[in-house]
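This briefing covers one protein chain, from its overall make-up down to single residues. The sequence and structure come first.

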Amino acid sequence: MGNILLISDRPKPYDDLIAQFRRNDFQVVSKKYAAATQKKTAEQIFDFVLYEIKPTFEANVQYLSPIVRTGTVPIYVIGDVSESDEIAYYKLGVQGVIRIPFNPIVIAERICSIIQLLEKTSRVIRKVKIGSVEIDLHNRYVKKHDEYIKLTNVEARILRILFNNKNHIVEKDAIIHYAWDDDESATDNALSIHITRLRNKIEFDKQKPLIDTIWGTGYRLNYNIPE
């Protein structure tokens with residue numbers, strides 16, 4: 001099961017595609033362009049983004065750019081796309097193009113298979129266990145010592161980007177852009193506060209920190225920690 005974001009001002013033409021996703025136990029959330037690019041777009045973390053192109057390439061760049069910049073999942077655009085525009089979309093950071101008309105069964109199966117492959121390669125992370133702690137990023141909770149601890153949306157997004165780059169340093173700016181959707185009010189201090197709260201929720205041994213502070217740079221998630 002996964003979560004798919006459909007960005008379109010007219011989701012009705014995609015009813016058959018949405019129904020096919022749901023038959024495969026995937027959830028689809030439809031959002032209009034303006035809502036999809038707002039700060040803190042949704043409470044959910046998405047595994048895949050489908051974007052219906054607008055009439056002009058410039059308008060699509062305006063809406064797609066923040067999604068590409070802060071996202072860590074595949075983005076496919078849907079529409080009547082020329083070959084030259086297709087190349088431009090790839091250069092922008094889009095991973096695929098779906099031309100209309102299309103077969104909803106074929107497209108749904110293709111996207112579901114991509115998400116399943118990403119799960120196998122740990123690029124789509126839902127539930128993980130580190131030491132004695134179990135973390136569910138989709139339902140946003142931590143299970144520690146048989147206690148269930150709720151994660152906020154921002155905390156879950158911070159963990160998501162750290163997991164996607166486990167055992168590597170993630171710069172502060174990258175975390176802020178991803179976790180707060182480019183909210184200009186987000187600061188290093190706000191990030192530091194959230195990291196402290198996360199440590200209190202997920203760490204099970206103070207001698208084996210799960211999140212390292214790399215002073216002046218960012219943070220690193222230590223993934224291979226024994227119980």
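How many bridges join S6 to S7, and do these strands run parallel or antiparallel? S6 and S7 run antiparallel and are joined by four bridges. The model is a predicted one. The protein chain has eight helices and 12 strands, and 47% of its 227 residues count as buried.

**Whole chain**

- Among contacts in the protein chain with a separation of 6 or more, 57% are between residues 24 or more positions apart.
- The protein chain has an accessible surface of about 11700 Å², and carbon and sulfur atoms account for 49% of that surface.

**Four-stranded sheet**

- S6, S7, S8 and S9 make up an open sheet of four strands, in the order S6-S7-S8-S9, and the pairing is antiparallel.
- S6 and strand S9 (147–150) are at the edges with a single partner strand each, so one side of each has no neighbour in the sheet.
- On average, neighbouring strands of this sheet are turned by 20° against each other, direction ignored.
- Helix H8 packs on the sheet and touches S7, S8 and S9; the direction of H8 makes about 40° with that of S8.
- Strand S8 (residues 141–144) runs antiparallel to S9, and four bridges join the two.
- Within this pair, lysine 143 stands opposite tyrosine 148 in S9.

**Hairpin S6–S7**

- Two residues lie between S6 and S7 in the hairpin that they form, and glycine 131 in the turn has a positive phi of about 60°.
- Lysine 127 has aspartate 136 in S7 as its bridge partner.
- In a regular strand, side chains alternate between the two faces of the sheet.

**Loop between S8 and S9**

- Histidine 145 lies in the loop between S8 and S9 and has a positive phi of about 55°, although it is not a glycine.
- Histidine 145 counts as exposed because its relative accessibility of 61% is over the 50% cut-off.
- Aspartate 146 is found in the loop between S8 and S9 as well, and has a positive phi of about 65° without being a glycine.
- Aspartate 146 has a relative accessible area of 68% and is therefore exposed, the cut-off being over 50%.

**Three-stranded sheet**

- A second topic is the open sheet of three strands, which has the order S10-S12-S11 and antiparallel pairing.
- Strand S10 (169–171) and strand S11 (211–214) stand at its edges; each has a single partner strand, so one side of each lacks a neighbour in the sheet.
- From one strand to the next, the twist averages 30°.
- S10 and S12 run antiparallel and are joined by three bridges, with glutamate 171 opposite glycine 218 in S12.
- H6 packs on this sheet and touches S10, S11 and S12; the direction of H6 makes about 70° with that of S12.
- H7 packs on the sheet too, touching S10 and S12, and the direction of H7 makes about 70° with that of S10.

**Largest nonpolar core**

- The largest nonpolar core has 30 residues, of which Ile135, Ile158 and Ile211 touch the most other members.
- Elements that each supply at least two residues of this core include strand S6 (127–130), strand S7 (133–136), helix H6 (153–164), helix H7 (172–179), helix H8 (188–202) and strand S12 (218–221).
- H6 gives the most, with six residues.
- Beyond its neighbours within four places in sequence, isoleucine 158 is in contact with Ile175, Ala179, Trp180, Leu191, His194, Ile195 and Leu198.

**Serine 8**

- Serine 8 is placed in the loop between strand S1 (3–7) and helix H1 (15–23).
- With a relative accessible area of 1%, serine 8 is under the 20% cut-off and therefore buried.
- The side chain of serine 8 reaches the backbone nitrogen of arginine 10 at 3.0 Å.
- Apart from neighbours within four places in sequence, serine 8 is in contact with Tyr14, Lys31, Lys32, Tyr33 and Glu52.

**Cis peptide bond**

- Isoleucine 100 and proline 101 are joined by a cis peptide bond, with omega about 0°.
- The loop that holds proline 101 is between strand S5 (96–99) and helix H5 (104–120).

Note on methods:
Residues are numbered from 1 along each chain as its sequence is written. This is a predicted model: local features need pLDDT of at least 70, side-chain atom pairs count only at pLDDT 80 or more; totals for chains, interfaces and linings use all residues. Side-chain values use heavy atoms; hydrogens and water are left out. Buried means under 20% relative accessible area, exposed over 50%, partly exposed in between (1.4 Å probe, protein chains only). A polar contact is a pair of N or O atoms within 3.5 Å; within protein, one must be able to donate a hydrogen and the other to accept it, and residues adjacent in sequence count only if both atoms are side-chain atoms. Contact means heavy atoms within 4.5 Å. A nonpolar core is a set of buried Ala, Val, Leu, Ile, Met, Phe, Trp, Tyr and Cys residues joined through side-chain atoms within 4.5 Å. Two strands pair if DSSP finds at least two bridges between them. Accessible areas come from the Shrake-Rupley method with a 1.4 Å probe; for residues, only the protein chains shown count as cover. Axes are lines fitted to C-alpha atoms, for helices over the stretch in contact, and angles run from 0 to 180 degrees between N-to-C directions.
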